[in-house]
Amino acid sequence: MSTNTVAMTGNIAVANAMRQINPDVCAAYPITPSTEVMQQFASFVADGEVDTELVAVDSEHSAMSACIGASAAGGRVMTATSANGLALMWEMLYIAAGNRLPIVMTTVNRALSAPINIHCDHSDAMGARDSGWIQLWSENAQEAYDNLIQAVRIAERREVRLPVMVCLDGFIISHSIERMELLDDMQVRNFIGPVKLHYPLLDVDNPVTYGPLDLQDYYMEHKRQQADAMQLAKPVILEVGQEFGKTFGRSYGFFEEYKLKDAELVVVALGSSVGTVKTVVDSLRQQGIAAGVLKLRSFRPFPAKELAAALKSAKAIAVLDRADSFGAYGGPLFSEVRSALFSLEAAPPTVDYIYGLGGRDFGVADVNGVFDDLKMLAKTGKASQEVNYITVRE
Amino acid sequence: MSNKIAEKKKGWRELPIGGMILEAGNSAEYNTGAWRTFLPHINRKECKNCLLCWIYCPDSAIIVKEGKFGHFDMKHCKGCGICAHECPVKAIAMVEAKK
């Protein structure tokens, strides 16, 4: 296997994955912090390094609409967006998923307005969590790059046929230069293989209809199929993640367990913050404290049973949410994790920390504070406050 | 919807995904005649075979035979009455269908 160690930002790494994937069509509209993905990719198109038809559109709603048309036509289709751009795609996200089109999109996570803020926050992707898209989350540039390549395989699988969103943290990953491995172009192309066609509209000898009226007598069956496809995506995510590991040396599953096996105090989180938590876990372990992290990669489909099994022997769990769900009991990740744990005979006490909204820094001291709370929680088994806001001025 | 109709329809495991329709022109199989409240009746003595009804019918439910008005395709006639409205000699009358 030939690899190439490079220094790259997350955005440029993602653009390079797209270059190697060489999609048939990309339709995109620029928005911070994802702009560079398509900017760099547009250079690859202009330089003739890919065969992609790049469609410059008037909005993200049009970008996703053009992607839907191109995907139904039979193309391999990709795009990228962030925050309000994703929000403007809202209607079309459901149409892409409902039409079972395997579009792959990079979502560079950013806060939603108002007030206007361009920095890291998971509210954008969390708002789209019920749209029927698979969501793979990344801790760093390497994972964003690896996830994007695997996403093509997962999306196009016959029994899945769902769009996939690869999430990476705005600025923290998208604009930070990291050391990472760029794979060989041909090996990436061999790994993903040719586009898997499924009733393409351009097959004029076998005309089909996409998106017809679907009323009381059929709509629910089609929604049931989508629910099933999400479940069928689970073994595919594992299989592709293992094959990726065999081929390129980095394996992926639903989540990463970091020093979790014997961990008593556990943090569950998404994205770049996990790197900070791992650092704290390392120093706590040196002090003889059994700390660990569960880093969730696949938020949709949500691996409820597997996650509960991995967390069952913890004494206290903190979920970190970089998004709020106003009026709900805690952030979106907390709701799902606690629901998954509820089926255990003795569910560990689990609390939520909403943190880092709008790019607010989340550092080692903040993580130490969370673990201090967990020590108390493990002793008492009861939290005075289950949903907490940290990294915020009182 | 009666259970009898529901029984005939395919379950989610058998249906094409995404609501796709995999064959072209199958709307001909749709019995839109079931929507009808009024039936068209033709008075053949008045009919001049101008075929304006054939031109206007939105459902291609006027069947022409040897260049002349043949019959209504009652599987697809929705009873909209456009033929009766357009007929220049008032040879088509709309009659309420019996339940």
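A salt bridge is here a side-chain nitrogen of Lys or Arg within 4 Å of a carboxyl oxygen of Asp or Glu. By this rule, one salt bridge crosses the interface of chain B and chain A in the structure shown above, which is a predicted model. The bridge is formed by K9(B) and D217(A), whose closest N and O atoms are 3.3 Å apart. Across the interface of chain B and chain A there are also six residue pairs in polar contact, with both residues of each pair at pLDDT 80 or more. On the side of chain B that touches chain A, nine residues are nonpolar, three are polar and three are charged.

The extent of the interface may be considered next. Chain B brings 15 residues to the contact, and chain A brings 18 residues. Between chain B and chain A an area of about 1,600 Å² is buried, and carbon and sulfur atoms give 68% of this area. Within the share that chain B buries against chain A, W12(B), I17(B) and M20(B) supply 42%, more than any other three residues.

Rolling a probe the size of a water molecule over the atoms shows where empty space is left. The largest pocket has a volume of about 1,100 Å³. It is lined by 26 residues, of which D217(A), Y218(A), I21(B), N26(B) and Y30(B) are the closest to its centre. D217(A), one of these residues, is also the partner of K9(B) in the salt bridge described above. By class, the lining of the largest pocket comprises 12 nonpolar, six polar and eight charged residues.

The second largest pocket holds about 380 Å³ of space. Of its 18 lining residues, those closest to the centre are L112(A), D121(A), S123(A), F326(A) and L357(A). Helix α5 of chain A, which spans residues 123–127, gives the most to this lining, with three residues. The lining of the second largest pocket divides into nine nonpolar, six polar and three charged residues.

Salt bridges may also be followed over the whole structure, which holds 22 of them over all chains. One is the pair K295(A) and E143(A), whose side chains meet with an N to O distance of 2.5 Å. K295(A) belongs to strand β11 (residues 291–296) of chain A and E143(A) to helix α6 (residues 141–156) of chain A, so this pair ties together parts that are 152 residues apart in sequence.

Finally, some details of the backbone of chain A deserve attention. The peptide bond from S113(A) to A114(A) is cis, with omega near -5°. A114(A) lies in the loop between β5 (104–109) and α5 of chain A. A cis peptide bond also joins A114(A) and P115(A), with omega about -10°. P115(A) is likewise found in the loop between β5 and α5 of chain A. A further detail concerns N22(A), which has a positive phi of about 55° although it is not a glycine. N22(A) is placed in the loop between α1 (10–21) and β2 (25–28) of chain A.

Conventions. Residues are numbered from 1 along each chain as its sequence is written. Chains are lettered from A and ligands numbered from 1 in the order in which they are written. This is a predicted model: local features need pLDDT of at least 70, side-chain atom pairs count only at pLDDT 80 or more; totals for chains, interfaces and linings use all residues. Side-chain values use heavy atoms; hydrogens and water are left out. Contact means heavy atoms within 4.5 Å. Buried area is the accessible area (1.4 Å probe) that two parts lose on being put together, summed over both. A polar contact is a pair of N or O atoms within 3.5 Å; within protein, one must be able to donate a hydrogen and the other to accept it, and residues adjacent in sequence count only if both atoms are side-chain atoms. Ala, Val, Leu, Ile, Met, Phe, Trp, Tyr, Cys and Pro count as nonpolar, Asp, Glu, Lys and Arg as charged, and the others, Gly among them, as polar. On a 1 Å grid over the protein atoms alone, a cavity is a set of points where a 1.4 Å probe fits but cannot get out, and a pocket is an open set with protein on both sides within 12 Å along at least five of seven lines; lining residues have an atom within 4 Å of a point. Grid points are joined across faces, edges and corners, and a volume is the space filled by probe spheres set on the points. Helices (H or I, at least four residues) and strands (E, at least two) are DSSP runs, numbered from the N terminus.
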